Amino acid sequence: ELGPYSHFMQKEIHEQPKALADTIEQVLEQGFSPALFGAEAASLLGKVEGVQILACGTSYYAASVARYWIEQIARLPCQVEIASEYRYRDAVALPNQLVVTISQSGETLDTMEALKHAQQLGHDLTLSICNVRESAIPRASRLVFYTRAGAEIGVASTKAFTTQLAALFTLAATLAKLRGHLSAEVEANYLDDLRKLPGSVQHALNLEPQVKAWAELFSTRQHALFLGRGVHYPIALEGALKLKEITYIHAEAYPAGELKHGPLALVDEQMPVVVIAPNDSLLEKVHSNMQEVRARGGELFVFADLDSHFGESDGLHVIRTPRHVGVLSPVVHTIPVQLLAYHTALARGTDVDKPRNLAKAVTVE
Ligand code: F6R
């Protein structure tokens with residue numbers, strides 16, 4: 001069942017090109033069509049004036065990426081909230097808000113209860129993004145998009161996350177199109193970006209030996225800091241979550257601009273700092289945040305794009321992911337942080353597929 005792999009997590013990391021190709025297959029055939037989200041979608045999605053996304057854990061980080069896409073591409077206000085918080089909050093239901101729940105398992109109790117809470121508040125436009133067919137959350141939702149990641153067995157979510165991102169990008173572009181914000185040219189470009197995504201992810205997977213070489217050092221540390229900005233900040237959060245879940249190393253993620261408002265005090269020679277630094281409009285800002293870290297002796301481990309110019313120097317290690325892939329860059333930048341957590345766990349000898357205290361589907365509160 002594991003084939004050439006040592007763990008389900010490693011297998012599932014490597015299945016991502018196929019999981020993504022399977023998930024976007026229907027999108028490439030149909031374009032950004034509401035029919036992808038169910039029979040009722042053409043009439044329901046056309047009414048949407050805002051989006052509220054609810055999820056837990058890694059699925060919540062997928063939501064956090066989607067917020068940038070939904071605002072930027074569909075020009076719709078978008079809020080994201082952790083399901084276990086939303087379900088106990090007296091939120092004000094705005095009219096024509098689409099409530100999106102994201103769940104790999106479709107059985108996470110807090111996400112299910114958050115959906116019911118939203119329905120009680122008066123929301124009736126509900127969409128589930130889910131990997132398990134006919135599970136509880138999609139059954140309770142009017143619209144559904146199934147990711148086609150296949151069964152995810154490792155407790156730490158990997159291929160479910162990147163396929164959720166592909167689904168959410170499709171949602172953003174579909175909403176944009178319905179609202180007249182997507183020209184034929186941009187639609188063709190986005191479809192092309194999606195078509196190339198499995199290949200870019202495969203390139204990132206090929207970096208495994210380089211990432212593994214960093215893992216030895218991480219395995220000897222007690223703490224790690226992850227930095228990102230903009231749409232890549234949630235990828236820093238995801239990298240920190242993967243590391244703490246399977247290696248038990250304390251890891252935190254910050255939007256890099258927050259460094260000097262507190263966490264910089266933590267930085268010394270013992271603190272490895274991982275930076276997600278794609279070649280986008282925020283790179284110059286990230287670069288100056290990196291210098292703040294270096295000036296305090298922090299060792300930097302940077303995931304940059306092939307086409308960004310800064311090189312390695314003392315205390316600055318760089319791995320280059322494929323050429324900047326544009327709007328889908330967060331998907332590609334997820335791969336190296338997954339690999340870093342995986343190889344650090346191997347170096348520490350922890351139980352990668354079944355980390356202590358955790359369960360695959362959290363069906364209790
Ligand atoms: C982290 C992880 C969890 C899940 C969370 C939600 O690697 O797997 O944080 O993402 O428990 O699970 P689903 O997506 O099944 O609702």
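## Contacts around valine 51

Contact here means that heavy atoms lie within 4.5 Å. When neighbours within four places in sequence are left aside, valine 51 is in contact with Ile70, Leu76, Pro77, Cys78, Gln79, Gln97, Leu98, Val100 and Leu175.

The structure is a predicted model, in which local features need pLDDT of at least 70 and side-chain atom pairs count only at pLDDT 80 or more, while totals for chains, interfaces and linings use all residues. Residues are numbered from 1 along each chain as its sequence is written, and side-chain values use heavy atoms, with hydrogens and water left out.

## Nonpolar cores

A nonpolar core is a set of buried Ala, Val, Leu, Ile, Met, Phe, Trp, Tyr and Cys residues joined through side-chain atoms within 4.5 Å, where buried means under 20% relative accessible area, exposed means over 50%, and partly exposed lies in between (1.4 Å probe, protein chains only). The largest nonpolar core has 90 residues, and of these Val51, Ile53, Trp69 and Phe226 touch the most other members. Helix α8 (residues 159-178) supplies the largest share of this core, 11 residues; helices (H or I, at least four residues) and strands (E, at least two) are DSSP runs, numbered from the N terminus.

Apart from this core lies another, of 20 residues, among them Leu225, Leu264, Val267 and Met290.

## Aromatic pairs

Rings of Phe, Tyr and Trp (its six-membered ring) pair if their centres lie within 6.5 Å, and planes under 30 degrees apart count as stacked, over 60 as edge-to-face and the rest as tilted. A search of the whole structure finds 8 aromatic pairs. In one of them, tryptophan 214 and phenylalanine 301 are edge-to-face, at 5.1 Å centre to centre with 75 degrees between the planes. Tryptophan 214 lies in helix α10 (residues 208-218) and phenylalanine 301 in strand β9 (residues 299-305), so this pair ties together parts that are 87 residues apart in sequence. Tryptophan 214 is buried, with a relative accessible area of 10%, and phenylalanine 301 is buried at 2%.

Tryptophan 214 also pairs with phenylalanine 303 in a tilted arrangement, 5.2 Å centre to centre and 40 degrees between the planes. This pair links helix α10 with strand β9 across 89 residues, and phenylalanine 303 is buried, with a relative accessible area of 0%. Elsewhere, ring pairs link Phe32, Trp69, Phe169 and Tyr190 into a cluster.
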